[in-house]
Every structure is written in structure tokens, then in C-alpha cells.
Amino acid sequence: MFYPMAYNIEYLLYLLPGIILAMYAQAKVSTAFERYSRVRNSANLTGAQVARLILDKNALRDVKIEQVRGSMTDHYDPQEKILRLSESVYNVPSIAAVSVAAHEVGHALQDADGYKPLHIRSFLVPAAQLGSNISIYLVLLGLFIRSFSFLINIGIALFCVAVLFQLVTLPVEFNASKRAELELADGILPDSELEGTSTVLHAAALTYVASLLTAIGTLLHLLSISKRRD
């Protein structure tokens with residue numbers, strides 16, 4: 001017999017490590033970004049200016065830089081070769097702003113270098129989004145309608161792609177941060193300000209670890225449901 005309440009409690013237990021880490025990581029990111037957003041970098045360069053400097057230095061003049069609305073909406077689009085920086089980064093000359101901008105440029109450098117994990121992640125995006133969005137519905141449909149029980153395994157398989165996406169994301173993000181720190185240390189920021197960069201980027205990295213733990217917890221829960229159903 002299927003007991004929804006029991007499954008909901010079990011689901012929360014599987015997710016608990018990821019939830020706790022996510023809350024801690026978000027607090028660290030908010031604190032670090034807020035702290036170093038108030039500290040102007042000695043070069044008085046904005047996030048967009050630093051991004052352009054690093055891109056041009058690495059012969060990536062074809063990569064455009066655009067401003068986008070929102071906070072923490074910064075990203076690099078490998079398809080259009082566009083670096084999009086948020087309002088809190090684009091025109092702001094703070095240590096936090098240039099750190100985030102340099103990190104996103106790190107993805108552009110990965111793209112130019114043919115960094116395999118980045119291209120694997122890009123390839124997985126459609127399937128990972130599909131798996132995240134519909135896998136749980138397939139599993140539930142398979143649970144409640146016995147003739148559709150095969151959908152449970154399909155849902156789990158799709159969610160495995162989402163977990164793989166989160167797993168591949170870790171080296172992509174860590175490598176981008178490493179590239180950012182190296183670029184900023186190469187004549188852009190003095191050593192005394194690189195500590196702020198490291199604090200901001202390392203805090204952000206925790207959010208990706210939390211996402212992976214949450215995805216793994218969800219997968220374990222789905223596998224548990226499948227096992228009990230069998």
C-alpha cells in the first residue's frame with residue numbers, strides 16, 4: 001500500500017543534508033557578496049571593465065558583454081558568445097563585482113580552450129531540465145496506475161541525467177573560479193584584495209555542492225520508492 005505521508009517524511013530526510021548545506025551556503029554567499037560589495041577595488045574598475053580586460057588579454061574580443069536585470073543573474077552564453085552581467089556587477093567597481101565578472105569570464109576561457117566538462121554540461125542541459133521537471137510526475141503516475149509502473153524507471157533514468165548535470169557542474173564552476181583568481185592576480189588586483197575574491201568565489205562554490213547533494217537525495221528517494229514498489 002502507498003502511504004503519501006510516510007513518503008513525504010522520507011523525502012525530507014533524504015533532502016536534509018542538501019537543505020542544510022544550501023541554507024549555510026546561501027548565508028555565506030549573501031554575507032560575502034554584501035561585505036565585498038562595499039569595498040571598492042584599488043584599480044577602480046567595474047565588473048564589465050575587468051571582464052573586457054581579461055577577454056581582450058586572452059584574444060576573445062568577439063565575446064560581447066551585456067547587462068541584465070536582477071541579482072546573481074550573471075552567466076556566460078556559449079552559444080551566442082555573450083557574457084551577461086547583472087546590475088550589481090556590470091557598473092560596480094567593488095571587489096565582489098570584479099570577482100563575479102572574472103568568474104563568468106572563466107567560463108568563456110573554458111569555452112575557448114575546449115574545456116570538456118563545460119561542453120558536456122551544455123550537452124546535458126536539455127535532458128537535465130526535462131529530468132528535473134517531469135521525472136517526479138512520471139514516478140507518481142507509475143505508482144498510482146499499476147499498468148503504467150514502467151514510468152517509474154523512466155522517471156528515475158531521466159533524473160539520473162539531472163544528477164549527472166549537477167556532478168559535471170562542480171569541476172566547471174571550480175575551474176572557472178580558479179581561472180578567475182589567476183587572471184585577477186595577474187596585474188588587476190593586489191594580493192591584499194585577492195582574499196576578498198577567494199571568499200566570494202569559495203562561498204558561491206558551496207551552492208553548487210548543495211545542489212548536488214539535494215539532487216542525490218532526491219534520486220535516492222526515487223530509488224527507494226521503486227524498490228518498495230517492486
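Trainee: Let me start with handedness: in which kind of crossing, left-handed or right-handed, does α4 pass α6?

Mentor: Please keep in mind that this is a predicted model. Handedness tells you which way the near helix is turned relative to the far one. Here α4 passes α6 in a right-handed crossing.

Trainee: At roughly what angle do the axes of α4 and α6 cross, and what does that make α4 relative to α6?

Mentor: The axes come within 7 Å of each other and cross at roughly 110 degrees. Angles of 65 to 115 degrees count as roughly perpendicular, so α4 is roughly perpendicular to α6.

Trainee: Which residues of α4 and α6 meet?

Mentor: On the α4 side, V98, A102, H103 and L109 are among them, and on the α6 side the list includes V172, A176, R179 and L184. Sorted by class, the residues of this contact are seven nonpolar, seven polar and four charged.

Trainee: Now for another pair: how do the axes of α5 and α6 cross?

Mentor: Helix α5 covers residues 116–144, and its axis comes within 6 Å of the α6 axis, crossing at roughly 150 degrees. Angles over 145 degrees count as roughly antiparallel, which means α5 is roughly antiparallel to α6. This time the crossing is left-handed. By class, the α5 contact with α6 has 26 nonpolar, six polar and two charged residues.

Trainee: How many residues are in the largest nonpolar core, and which have the most contacts inside it?

Mentor: To read a core, look for buried nonpolar residues joined through their side chains. The largest one here has 35 residues, and L55, L83 and L85 have the most contacts inside it. Helices α1, α2, α4, α6 and α7 and strand β3 each supply at least two of its residues. The largest share, 10 residues, comes from α4. Apart from this core lies another, of 13 residues, including V139, I152, L212 and A215.

Trainee: What does L83 touch, leaving aside residues up to four places away in sequence?

Mentor: With those residues not counted, the partners of L83 include A51, L55, V63, I65, Y76 and V105, and also K64, E66 and E104.

Trainee: Next, T197: is that residue buried or exposed?

Mentor: Buried means under 20% relative accessible area. T197 has 0%, so it is buried. T197 lies in helix α7 and touches I95, S99, E181, L184 and L189, not counting residues up to four places away in sequence.

Trainee: How does S30 compare on accessibility, and where is its place?

Mentor: S30 is in helix α1, which spans residues 4–37. Its relative accessibility is 36%, so S30 counts as partly exposed. S30 and L206 are 176 residues apart in sequence, while their C-alpha atoms are 12 Å apart in space.

Trainee: One last topic, backbone angles: what is phi of N44, and what is phi of K81?

Mentor: Phi of N44 is near 55 degrees, a positive value in a residue other than glycine. N44 sits in the loop between α1 and α2 and, at 42% relative accessibility, counts as partly exposed. Phi of K81 is also near 55 degrees, again positive in a residue other than glycine. K81 is in the loop between β2 and β3, and its 31% relative accessibility makes K81 partly exposed.

Methods:
Residues are numbered from 1 along each chain as its sequence is written. This is a predicted model: local features need pLDDT of at least 70, side-chain atom pairs count only at pLDDT 80 or more; totals for chains, interfaces and linings use all residues. Side-chain values use heavy atoms; hydrogens and water are left out. Helices (H or I, at least four residues) and strands (E, at least two) are DSSP runs, numbered from the N terminus. Buried means under 20% relative accessible area, exposed over 50%, partly exposed in between (1.4 Å probe, protein chains only). A nonpolar core is a set of buried Ala, Val, Leu, Ile, Met, Phe, Trp, Tyr and Cys residues joined through side-chain atoms within 4.5 Å. Contact means heavy atoms within 4.5 Å. Axes are lines fitted to C-alpha atoms, for helices over the stretch in contact, and angles run from 0 to 180 degrees between N-to-C directions. Angles under 35 degrees count as roughly parallel, over 145 as roughly antiparallel, 65 to 115 as roughly perpendicular and the rest as oblique. Ala, Val, Leu, Ile, Met, Phe, Trp, Tyr, Cys and Pro count as nonpolar, Asp, Glu, Lys and Arg as charged, and the others, Gly among them, as polar.
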